[in-house]
Amino acid sequence: MDNIYIVRCGETALKGDNKPYFERMLVQRIKKVLESEEGVCVERTDGLIFVRAPQSADQELIVRRASRVFGVDSISPAREIDISGMTAEDALSAVGAAAVEVMLGLIKERGVKTFKVEAKRADKTFPVQSPQIARQMGAFILKGCRVLKVDVHEPDVQLYVNVRRNKAYIYERKIHGFGGLPLGTNGRGLVLLSGGIDSPVAAFMMAHRGMVLDAVHFHSYPYTSERAWEKVKDLAGLLAVYCGKLRIFSVNLLPVQEQIVQNCPEEETTILVRRFMMRIAERIAKEQGCMMLITGEDLGQVASQTAEALVVTDAAVSLPVMRPLIGMDKVDIMEKAKEIGTYETSIQPYEDCCTVFLPKHPSTKPKLEKILMSESLLDCEALTEAAAASAEVTVIQPRSDI
Amino acid sequence: MFVYLDNSATTRVCEEAARAAQSAMTETFGNPSSLHRLGLEAEKLLRRSRAVIADTLGARDEEIWFTSCGTESDNTAIAGVWESRRKTGKRVITTAVEHPAVLAPCRRLQELGADVIYLPVKRDGTFDMDAFREALTPDTILVSVMHVNNETGAVMPVAEIKQAMLEVGSSALLHTDAVQSYGKLKIDAGELGADLLSVSGHKIHAPKGIGALYVRKGVHIPPLILGGGQEKGRRSGTESLPLIAAFAAAAEKVCGDIPARAEAMRTAKNFLKARVLEYVPDAVVNSPEDSVCSVLNMSFPGCRGEVLLHMLEEKDIYVSTASACSSHSKEHRSHVLSAMGLSPELIDGALRFSFCAENTPEQMDYAAYELEKAVARQRRLMKAFKK
């Protein structure tokens with residue numbers, strides 16, 4: 001007999017006429033993250049998604065991977081009981097017998113002492129009402145497992161019984177997912193991935209709302225080391241666990257930085273470099289069919305992220321720039337990075353290209369006219385073009401061991 | 001042209017060592033503790049290997065304990081002396097420029113109540129004998145001074161240190177970390193006067209994962225690693241015979257030919273130094289005048305060592321920075337160059353070149369040429385940036 005998992009879709013269920021589309025995308029994503037597991041099948045029946053897997057499959061792995069699919073609200077490993085063609089009485093005895101088996105297992109595994117049953121009758125034609133089902137199940141369990149007691153306030157186990165057409169389900173665990181919307185339901189964006197704490201979180205948040213991502217990474221080799229690049233690839237592998245395989249366009253920004261440093265005022269270095277990053281990213285985005293840029297900036301965190309600086313940065317491009325972290329505090333961003341598992345990798349101390357030519361007193365309130373004047377000393381078009389053309393693409397697959 | 005100038009970090013394993021390891025893995029693969037014939041053969045190989053290492057250090061066979069690395073040798077020596085002597089005194093003297101394998105255990109001893117003195121060095125990185133004499137008190141139980149400094153190549157006067165200890169009748173034990181001098185200077189443990197001496201395999205063309213500790217006969221220290229009683233109970237764990245045999249093979253080759261090999265390294269070093277100073281006249285030599293043949297430390301003002309390193313790596317030239325300057329914080333600056341009183345600019349702009357006997361003048365020529373280009377490229381940019 002296969003193991004079965006009930007997957008609940010959160011917000012996806014609310015999307016009116018688009019519901020079938022969202023659900024289809026969700027099923028596709030779940031199939032994708034479980035494709036390495038043999039014999040797994042994913043199907044959709046009235047508002048729920050069921051994953052069936054052979055008993056030999058790794059249960060924890062299935063739960064872990066499916067719970068990370070955006071659009072999944074929660075997942076429960078469940079016991080399925082076929083009640084088709086049975087009378088209500090027979091059906092309840094069959095479900096009760098199964099419930100006893102489940103509880104006996106839990107007593108052995110976890111030393112469970114108290115329980116509570118919650119029943120739900122999704123099939124309203126089933127002649128017994130939910131509270132009555134719950135009471136009957138409780139009676140079955142008390143009779144079958146003498147050591148157990150009912151505790152409706154703080155039970156060791158809350159057993160859910162769900163009676164549907166032809167099938168009933170018993171489960172006790174609910175593993176929460178991240179919610180959000182299925183990947184692929186909200187366009188494609190290009191994230192500027194630095195290797196720091198913020199940008200992976202920003203990428204996660206956009207993917208969480210259904211956006212497919214590509215990434216661009218700027219480095220300044222030989223001013224930055226190859227280890228910094230390895231770190232970015234490690235981060236991308238972690239992100240890909242949520243947002244699918246990721247293409248990283250890596251661009252050496254040193255030629256641009258050299259020109260800026262040799263021709264423009266020192267205090268403007270940072271903002272000028274940021275504007276070039278945006279331009280180069282925009283060019284790559286347009287070539288790759290990305291409709292927006294995504295950065296990990298948050299208001300006021302560093303000199304290049306003051307309101308004034310953000311305005312000047314934005315003025316360099318015409319594509320919309322998404323900054324999902326804009327109003328978050330650093331501690332909350334760090335919390336989120338820990339939650340999604342990128343924090344430990346992000347804090348490895350390798351220099352990224354932003355810190356190579358860090359002016360002593362960067363201008364925090366840049367004026368666009370002044371910046372444009374400085375840029376007139378450079379051949380921005382040619383530099384942008386050359387940098388974008390030099391981009392190297394690396395495809396990063398999701399880490400398979402987590 | 002491939003030019004490897006990071007031999008103080010590690011060396012390429014020589015053919016002799018690789019063959020010895022291969023043979024001990026697939027032929028003489030027995031456990032020296034096994035009672036059967038295969039075990040006996042392994043035990044004989046172990047004994048022969050120990051004799052080879054002992055010979056390279058002017059030691060008796062039973063004075064050599066095999067360990068997993070130089071760090072383990074240092075730890076064993078320092079922890080062992082503390083444990084066996086802490087009742088007779090609390091003072092431990094070392095230098096501010098030791099390898100972390102010595103400094104970290106010394107800091108641990110401090111936590112355990114030791115009075116650890118970190119001797120300053122002179123501006124050129126050499127040993128300050130006056131400061132040492134002053135620090136040497138009757139309750140000193142251990143003096144640990146490296147034979148050759150790994151960043152600058154400064155040679156420490158271990159024999160004179162012993163002499164100074166004898167003059168005042170000190171009963172302290174003398175440990176020396178000889179990881180960087182082994183195979184470059186002739187070592188005779190007796191002449192050096194060391195009671196304990198650490199060496200490592202992978203700096204002399206043996207594989208990583210093998211080291212040895214010389215413990216003078218009559219000196220008793222407790223083991224760090226307990227178990228099946230191998231190495232006469234002094235270092236438990238099944239002997240890593242492939243690594244031990246490889247270590248012996250490399251030591252036999254390298255230590256049997258020290259004058260010629262040292263000469264080759266010195267030639268490469270002097271050649272590189274002269275060329276670099278010719279191309280980059282304001283480069284600063286941080287290694288003392290009579291430093292060991294295998295290490296040359298230089299600073300390039302106005303440059304960042306790590307950036308030069310990456311520029312050279314693009315040209316297939318491999319060197320090392322004295323410090324990991326990935327973070328600009330002070331703690332990441334080289335403790336050795338800091339102890340010598342170098343300015344932050346010189347510390348950040350420092351590179352360490354470390355040689356092996358196989359380096360050639362052609363390689364040095366190429367390295368110096370590429371180094372000049374890298375320095376010029378970086379200075380152009382840094383100067384523009386600072387203007």
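**Reading helix packing and burial**

Analyst: In this predicted model, Val256(A), Gln257(A), Ile260(A) and Val261(A) of helix α7(A) meet Thr269(A), Leu272(A), Val273(A) and Phe276(A) of α8(A). Sorted by class, the contact of α7(A) with α8(A) comprises 6 nonpolar residues, 2 polar ones and no charged ones.

User: How are two such helices described, and at what angle do the axes of α7(A) and α8(A) cross?

Analyst: Two packed helices are described by the angle between their axes and by the distance between those axes. Here, the axes of α7(A), residues 254-263, and α8(A), residues 269-288, cross at roughly 145 degrees and come within 10 Å. The crossing in which α7(A) passes α8(A) is right-handed.

User: Which residues of helix α13(A) are buried, and on which side of the helix do they lie?

Analyst: An α-helix has 3.6 residues a turn, so residues three or four places apart point the same way. In α13(A), which spans residues 380-389, the buried residues include Leu383(A), Thr384(A), Ala387(A) and Ala388(A). They are on the same side of α13(A), because the arc they cover around the axis is only 125 degrees. Exposed residues Glu381(A), Ala382(A) and Ala389(A) are carried on the face turned away from that buried side.

User: Against which elements do the buried residues of α13(A) pack?

Analyst: They pack against strand β12 (246-252), α7 and α8 of chain A. Apart from neighbours within four places in sequence, Gln259(A) is in contact with Leu378(A) and Leu383(A).

User: How is the exposure of Gln259(A) judged?

Analyst: One counts the C-beta atoms around a residue: 20 or more within 10 Å make it buried. Gln259(A) has 19 such neighbours and therefore counts as partly exposed.

User: Is Gly296(A) buried or exposed by that count, and where does it lie?

Analyst: Gly296(A) is buried, because it has 26 C-beta neighbours inside 10 Å. It is located in the loop between β13 (292-294) and α9 (307-314) of chain A.

User: How far is Ile197(A) from Gly296(A) in space, and how far from Gln259(A)?

Analyst: Ile197(A) and Gly296(A) are 99 residues apart in sequence, and their C-alpha atoms are 8.5 Å apart. Ile197(A) and Gln259(A) are 62 residues apart along the chain, with 28 Å between their C-alpha atoms. Beyond four places in sequence, the contacts of Gly296(A) include Gly196(A), Asp198(A) and Leu325(A).

Methods:
Residues are numbered from 1 along each chain as its sequence is written. Chains are lettered from A and ligands numbered from 1 in the order in which they are written. This is a predicted model: local features need pLDDT of at least 70, side-chain atom pairs count only at pLDDT 80 or more; totals for chains, interfaces and linings use all residues. Helices (H or I, at least four residues) and strands (E, at least two) are DSSP runs, numbered from the N terminus. A residue is buried if 20 or more other C-beta atoms lie within 10 Å of its own, exposed if 12 or fewer, and partly exposed in between; C-beta atoms are placed from the backbone. Two residues are in contact if their C-beta atoms, placed from the backbone, lie within 7 Å. Axes are lines fitted to C-alpha atoms, for helices over the stretch in contact, and angles run from 0 to 180 degrees between N-to-C directions. A crossing is left-handed if the near helix is turned anticlockwise from the far one by less than a right angle, and right-handed if clockwise. Ala, Val, Leu, Ile, Met, Phe, Trp, Tyr, Cys and Pro count as nonpolar, Asp, Glu, Lys and Arg as charged, and the others, Gly among them, as polar. The arc is that of the directions from the helix axis to the C-beta atoms.
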